[in-house]
Amino acid sequence: MSSITPMVTTTAPTHYHPPSIDRITSLLDKPNSIHHLLQTHALLLRHNLHHHPTLDFKLQRSYASFNRLDYSVALFRHTQNPSVFFWSSIINSHSKRGLHHLALTFYTQMLTNGVEPNCFTFSALFKSCPIVTGKVLHCHAIKFGFDSDVYVRTGLVDVYARGGDVAGARELFDTMPERSLVSLTAMITCYAKRGEVDEARVLFYGMEERDVVCWNVMIDAYAQHGMPNEALLLFRRMLVEKVKPDGVTVLSLLSACGQIGALESGRWVHSYVESNGIRIDVQVGSALIDMYCKCGSWEDARLVFDRIGGKDVVVWNSMIVGYAMHGFRREALDLFSEMCRIGYQPTDITFIGVLNACAYAGLVSEGEAFFCSMKDQYGIEPKIEHYGCLVNLLSRAGKVEEAYEFVKNMKIEPDPVLWGTLPGACRLHGNIALGQKIAEFLVGQNLANSGTYILLSNIYAAAGNWEGVAKVRTLLKNSGIQKEPGCSSIEVNNKVHEFLSGDKKCPRSREVHTMIEEINQWLKADGYTPQTETVLHDLGEREKTQSLEVHSEKLAIAFGLISTQPGTTLKIVKNLRVCSDCQAVTKLISKITGRKIVMRDRNRFHHFVNGSCSCGDYW
């Protein structure tokens with residue numbers, strides 16, 4: 001009988017080796033997520049490494065990078081005798097997030113604990129502090145001998161620039177021992193914010209090195225200060241120099257395209273965004289919607305709107321305001337209802353769109369109800385813009401007496417823009433006496449702009465009171481206010497062409513004026529009579545007719561007719577309100593040529609199709 005002896009297996013004991021300091025340092029330098037960081041923190045605690053100075057420092061900094069300042073501060077409070085590097089890091093973590101009061105509190109505690117700051121401390125403090133605090137810290141930087149450090153001086157330039165002290169910023173900048181890219185960008189930003197574009201441009205073109213931030217600042221300076229063409233040209237140069245644009249670049253470009261109605265350029269920017277992996281978030285999406293609406297393509301705007309995921313109220317506002325701009329009141333109001341039904345809270349911008357939609361459609365009772373609901377239902381205190389919308393609503397509907405009484409009894413002081421709405425409405429609706437009264441009041445109170453003077457002149461001219469016209473012209477001249485010249489633009493083959501009223505040197509001038517003569521023949525054959533009563537000057541009928549023929553929008557339309565294929569939609573942008581003669585002529589041109597003409601004037605969009613306009617002659 002055999003016996004079976006069980007086989008015994010022995011296993012050598014396992015010895016666990018803790019990870020090295022270098023390994024843990026690597027984990028702390030590049031944590032994948034907050035969960036991963038918490039695991040690393042647990043590892044430190046398990047191996048009693050949480051008091052290791054380097055690891056403790058990196059752990060605090062990593063928590064701050066995930067916006068867990070509470071964890072970062074808790075660890076800092078448990079750090080024994082923190083060095084200046086710990087103090088500077090915790091100050092920087094708060095300063096980067098705009099928490100300058102807390103950053104300053106830590107700085108004060110640091111000094112109280114007998115720890116002297118270094119250049120990194122001051123660089124961190126200057127990131128978000130206001131100019132008053134910055135000037136005090138400037139004194140501290142001088143006291144501790146760091147005011148000449150390139151990083152500290154760069155931070156100081158930024159503080160003074162952000163605070164609007166251009167002279168102080170420039171003095172610090174000019175005395176820098178070494179100018180950094182950041183300090184140059186800060187100085188350019190300072191000039192740009194104040195509208196001193198020429199000074200910004202000189203610094204920009206004098207730079208030996210430029211990063212995308214610097215390009216963005218200069219492009220935005222052009223876009224924000226009425227130089228959209230220059231913004232687009234600079235962007236093209238940016239691409240030539242192989243600097244890759246980012247989302248900030250896109251926002252400035254879309255603003256520039258919207259200002260001049262450059263639809264094809266705007267579409268190119270949109271295509272660039274999609275083909276270069278720039279995410280269309282709510283900010284870029286809102287800018288695209290705004291651009292397309294301002295360029296006359298609300299259809300493209302709606303496509304963008306429908307594709308944006310996680311819409312916020314700004315996206316909804318952009319589309320509502322866009323519909324209102326085009327006079328599509330039903331679409332604007334339906335979108336407003338849908339927005340409220342889903343649960344979004346309207347803002348003051350929402351109601352500007354809604355009230356304008358009502359104004360362009362003559363929906364007086366609905367507009368008044370929306371105005372009242374702002375405060376009663378949504379707790380939004382109406383601003384001057386909302387009062388202006390309601391005055392515009394009443395004025396357009398012919399209720400000029402009611403609008404006048406509303407302005408006189410407003411809770412807030414009406415501004416010249418709001419007052420200026422009334423004389424034009426009075427003239428439009430034939431209440432000449434009230435229009436003259438209001439215009440004379442504005443002139444007498446020095447509240448008149450050039451438009452008010454012109455309206456008063458028009459009122460006198462319509463009555464044949466040329467002595468009154470001459471008097472107003474003298475007052476306008478003596479006031480120093482310049483009449484804004486009529487200017488229209490049209491985009492053809494990705495290039496924007498501009499025309500001034502009476503322009504003899506416009507693009508393809510001879511062909512344009514030949515086209516104008518041909519248009520005049522069309523109009524004459526159709527039985528059209530020029531509305532010479534709208535001409536301000538004391539001229540003969542023929543001279544008045546010739547004056548009307550060369551209004552800027554007519555020159556732009558003529559250029560479009562000779563520069564594009566038959567049937568192509570013409571998109572015109574004008575800086576002033578379209579006059580009644582140009583409105584009537586454009587309707588006839590759309591009928592005669594079979595073309596759609598989209599025109600954006602100072603007030604709204606006009607869609608001319610087959611002899612009619614989307615505004616219903618109510619603008």
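Residues are numbered from 1 along each chain as its sequence is written, and side-chain values use heavy atoms, with hydrogens and water left out. Because the model is predicted, local features need pLDDT of at least 70 and side-chain atom pairs count only at pLDDT 80 or more, while totals for chains, interfaces and linings use all residues.

Visitor: How many helices and strands does the protein chain have?
Guide: Helices (H or I, at least four residues) and strands (E, at least two) are DSSP runs, numbered from the N terminus. On that basis the count for the protein chain is 32 helices and six strands.

Visitor: What radius of gyration does the protein chain have, against that of a compact globule of 619 residues?
Guide: The radius is taken over C-alpha atoms, and the globule rule is 2.2 Å times the number of residues to the power 0.38. The C-alpha trace spans about 125 × 85 × 55 Å along its principal axes. A compact globule of 619 residues would have a radius near 25 Å, whereas the protein chain has 32 Å.

Visitor: What percentage of contacts between residues at least 6 apart in sequence join residues at least 24 apart?
Guide: Contact means heavy atoms within 4.5 Å. Among the contacts in the protein chain between residues at least 6 apart, the share joining residues at least 24 apart is 62%.

Visitor: Is S590 buried or exposed?
Guide: Buried means under 20% relative accessible area, exposed over 50%, and partly exposed in between (1.4 Å probe, protein chains only). S590 lies in helix α32, residues 580-593. Its contacts beyond four places in sequence include R595, I597, F608 and V609. Because its relative accessibility is 0%, S590 counts as buried.

Visitor: Which residue's backbone nitrogen does the side chain of S590 reach, and at what distance?
Guide: A further group of residues touched by S590 includes N610, G611 and S612. The side chain of S590 reaches a backbone nitrogen at 3.0 Å, and that nitrogen belongs to G611.

Visitor: Which residues does S552 touch, not counting residues up to four places away in sequence?
Guide: S552 is found in helix α31, residues 552-563. At 0% relative accessibility, S552 counts as buried. The residues that S552 touches are G486, C487, S488, F499, L500, S501 and K574.

Visitor: Which residues are in contact with T350, leaving aside its neighbours within four places in sequence?
Guide: T350 lies in helix α21, residues 348-361. With 0% relative accessibility, T350 counts as buried. Its contacts are V313, N317, I320, F336 and M339.

Visitor: How far apart in space are A369 and Q436, C-alpha to C-alpha?
Guide: A369 is placed in helix α22, residues 364-376, and counts as partly exposed at 47% relative accessibility. A369 and Q436 are 67 residues apart in sequence, and their C-alpha separation in space is 31 Å.

Visitor: What phi does K242 have, and where does the residue lie?
Guide: Most residues other than glycine have a negative phi. K242 is not a glycine, yet its phi is positive, at about 60°. K242 is exposed, with a relative accessible area of 76%. Its place is the loop between α14 (228-240) and α15 (247-260).

Visitor: Which loop holds N493, and what is its phi?
Guide: N493 lies in the loop between β1 (487-492) and β2 (495-500). N493 counts as exposed at 72% relative accessibility. Although N493 is not a glycine, its phi is positive, at about 55°.

Conventions:
A polar contact is a pair of N or O atoms within 3.5 Å; within protein, one must be able to donate a hydrogen and the other to accept it, and residues adjacent in sequence count only if both atoms are side-chain atoms.
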